[in-house]
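Please read the following note with the sequence and the model open beside you. It is written for someone who is new to reading interfaces between protein chains.

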Amino acid sequence: MIKFDSVTYVYPTGARALSDVSVEVGKGELVALMGENGAGKTTFIKHLNGLLKPTSGRVYVDGKDTRTLSVAQLSRIVGVVFQNAEDMFFLPTVEEEVAFSLRNLGFSEDVVQKRIDWALKFMELEVYKKRSPFLLSGGEKKRLALAIILAWNPQVIAMDEPTVGQDSMQKEKLKEMIKQLSLQGRTVIISTHDVEFVAELRPRVILMSRGKIVADGDADTILTDGELLRSCSILMPQVAATMSRLTDLGFNAKVISVEEAVRSIVKRLMEIEHTRRA
Amino acid sequence: MEIVRVEGLTFTYSGSEVPAVKDINLTMKEGEFVLLLGPSGCGKSTLCRCLNGLIPHFYAGKMDGKVVVAGMDVTKTPTYVLSQHVGMVFQIPENQLFSLTVENDVAFALENLGIPRDEIKRRVDFALRAVGIEELRGRSPFELSGGQQQKVAIASILALMPKLMLFDEPTSSLDPVSAKSVVDIISSIRKEFGTSIIVAEHRVELLADKVDRVIVMQEGSIIKDGKPKEVFVSEEFTPYGVPVPKVVSMAKGVNRHLRVFNDMPLSPEEFEQGIRGFLYDKVR
Amino acid sequence: MSILEGLKFYAGDTAIHKLDPRVKFLVSMLMLLMVVMYTEAWILVTLMVVQAAMAYAAKVVRRWLKTIKGSIPLAVLVFGLNAIFFITTGTHATLQEVLYHSATLAYRLVLFLSSFSIFFLTTTPEEIGLTLTSWRIPYPYTFAFISAIRFTPIIAQELRDIMDAQRSRGIELDKGGPLQRAKKLVPILVPLLANALRRAYELAEAMEVKCFGATKNRTSLRELKMRSRDYAALLVSLTLFSLAMYSRLFLL
């Protein structure tokens, strides 16, 4: 679905944000792009819908070279939601915000209405149809931004730091929605440094540092590799940090979910007790 | 000594019909370290603003009840006087810094108060050292990372040497590593200077084992107030949008099968101690 | 926007950077007066040489040249307008004279801009603020000046973010006729304004907790102090200027 072929990007200021990045993301995959601030996550995301074109190398979206398509054309395939949802809003009602993009992309009027209803319902915003976007809460604003993008049904959804400034209930909701989008067969890419969020979502993790991809694998492997995470200035999720303190007792340190941790602790404690009795 | 006394506080912003905080009663001892939890929009910020006089002096609205901080009635004391006793650090770092060098920003409030230059110099040095950013002194806030900017904001308030410091979601726009270092600075301020502290925060993992007291708010009211262990153990908070540290969930899960933890752990260290203690007792 | 590039401060550690900003400002003003007073080519060229020397001493030659380059379109405009004016009013007899006088005017404009460029390139905005304070300009104005400089890059970044967000929902900013393009400014300007308002509110809150306006007798961490090198620079430039004045009034 997405292919980066040794992509390097240098900003006009001379700052090198991506260097020789090669990676592929398949259809329907759920990917978390992780790394400290300035690792190149946002630059990566901006290449997905052609806001930035590689300085050297190629980015292919659905097999097409992004240099040959406009941002509007690419956005039909890859919907990007940026960190600050308020950067989008300029119309009097929630409904009009969604309609605006759809009309921009040339959908017919009856389709527009259907899509608005569907997207707002999916994001649990239908009661706010006639409300001003500026009066929504922080979490609702984020969901409206997602609804605006989702309305034209892009195959890929990319989100830049979706959890920043969100409280735990809003994060919970966001997590459920991301899971659903993924279940529907969409490709979902989120860039984030929120390890706890990623530990709960358990996606494929692509770890970046200083413009390079330093690791790529499942969340359980990467988020329990203390040394790797430290080298990228990322904290370990609390479950893994706890388990890694108990490895000498034979506890499994490669766990990031609470449920699995509990299961493995109880099992190990029983074993220890069993051997002692014997 | 009491630093905060709030009695029957209700406040409604002008233009709104629903009170942002209702019937708050709260006392806080000097030197206490309080974590204020609750979902966005539950009234945490409003409560903080009531404590440093932004309400009612800056925000208009209808205020009932009494708020006394450091012995002063906030409704009768101008903000600039209150600010010397109650400091406040906000969520967005860049919107609290006005100058073109770090040291000027740390000096800003002192200059506004007309404090003599030698004293300003002394306090700027003190604050920069206390926060550990002496090397950033001559830099421009614009070139700093969010975490560094927030440290400058903290130093600029610390230079006022307030008795009480309020932090309104100080890490919510920061990455985890910066968030951790900001939280570490907050707890070192309390340790070194005995400053009373209220932190409104979502990151319980970072703070649970450091605070003396947790207050949970919902829809403008205080619904829970106690020691962290009591508050986190008492029930699942997730429905209120209040997170429980992962170690607490793990310990509760383990306890359902085996009675390992008598004392609820609040950090990975305490969890480890709990497990080792359990095994050790078994051996004996 | 290279002309603005030449007005942006870059940190430096040269003798020129270390001069008291008030002295530097005075030097720029004196240069300006000379530019106004003289039309003689050789003096104007000398002034440019002096400026070049100062730019060299301050290690800002490249940026200084940028200002000059940036001011060329403006100079061409001044040249054109004056030439037309001289020709239509018949001020000068020959075409040669018309061209000479128009060129001088255009060149003086360049000199004027480049002299202030050296001032801005070597003086921190903070120092400019201190200068304003030392002239007893009320602090709120100084504060407004400093904040403008502090927040311009942040707002520029915000503008880029908004444009990215709106382009990502299919708005093609660079397509269509002038009217359509003007309409496309709405989705950019409304969020920008909304963000600015929110920021203003947050700033006001932070100013409040930092005791802004608590007393009329505001103190300041740093103070401008004239040192011997500042007096020396002042003396030299005033002497040169007096000589120039004298020669203008009595010798030429």
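This is a predicted model: local features need pLDDT of at least 70, side-chain atom pairs count only at pLDDT 80 or more; totals for chains, interfaces and linings use all residues.

1. Residues are numbered from 1 along each chain as its sequence is written, chains are lettered from A and ligands numbered from 1 in the order in which they are written, and side-chain values use heavy atoms, with hydrogens and water left out.

2. Chain A is divided into domain 1 (2–219) and domain 2 (237–278), with bounds that come from an automatic or database domain assignment. The C-alpha centres of these two domains of chain A lie 37 Å apart, and the contact between them (heavy atoms within 4.5 Å) takes 5 residues from domain 1 of chain A and 5 residues from domain 2 of chain A.

3. Domain 1 and domain 2 of chain A bury about 440 Å² between them, with 58% of this on carbon and sulfur atoms; buried area is the accessible area (1.4 Å probe) that two parts lose on being put together, summed over both. On the side of domain 1 of chain A, the residues that lose the most area to domain 2 are Glu196(A), Ala199(A) and Arg202(A), which together make up 76% of what that side buries.

4. Across this domain interface of chain A the rule finds 1 salt bridge, a term for a side-chain nitrogen of Lys or Arg within 4 Å of a carboxyl oxygen of Asp or Glu. Glu260(A) forms a salt bridge with Arg202(A), and their closest N and O atoms are 3.0 Å apart. Helix H7 (residues 195–201) of chain A gives the largest share of the side of domain 1 that touches domain 2, namely 3 residues, where helices are DSSP runs (H or I, at least four residues) numbered from the N terminus.

5. Chain C is divided into domain 1 (2–123 + 225–251) and domain 2 (139–209), and the C-alpha centres of these two domains of chain C lie 35 Å apart.

6. Between the chains, 18 residues of chain C are in contact with 24 residues of chain A. The area buried between chain C and chain A is about 1,700 Å², and carbon and sulfur atoms give 54% of this. Which three residues supply more than any other three of the area that chain C buries against chain A? They are Arg167(C), Ser168(C) and Arg169(C), which supply 39% of that area.

7. The rule finds 3 salt bridges across the interface of chain C and chain A, and the side chains of Arg198(C) and Glu86(A) meet in a salt bridge (2.5 Å, N to O). Helix H8 (139–167) and helix H10 (186–209) of chain C each supply at least two residues of the side of chain C that touches chain A, and H10(C) gives the most to that side, with 7 residues.

8. Thr43(A) is found in helix H1 (residues 41–48) of chain A. Is Thr43(A) buried or exposed? Thr43(A) counts as buried because its relative accessibility is 6%, and buried means under 20% relative accessible area, exposed over 50%, and partly exposed in between (1.4 Å probe, protein chains only). Leaving aside its neighbours within four places in sequence, Thr43(A) is in contact with Tyr9(A), Tyr11(A), Ala17(A), Leu18(A) and Leu52(A).
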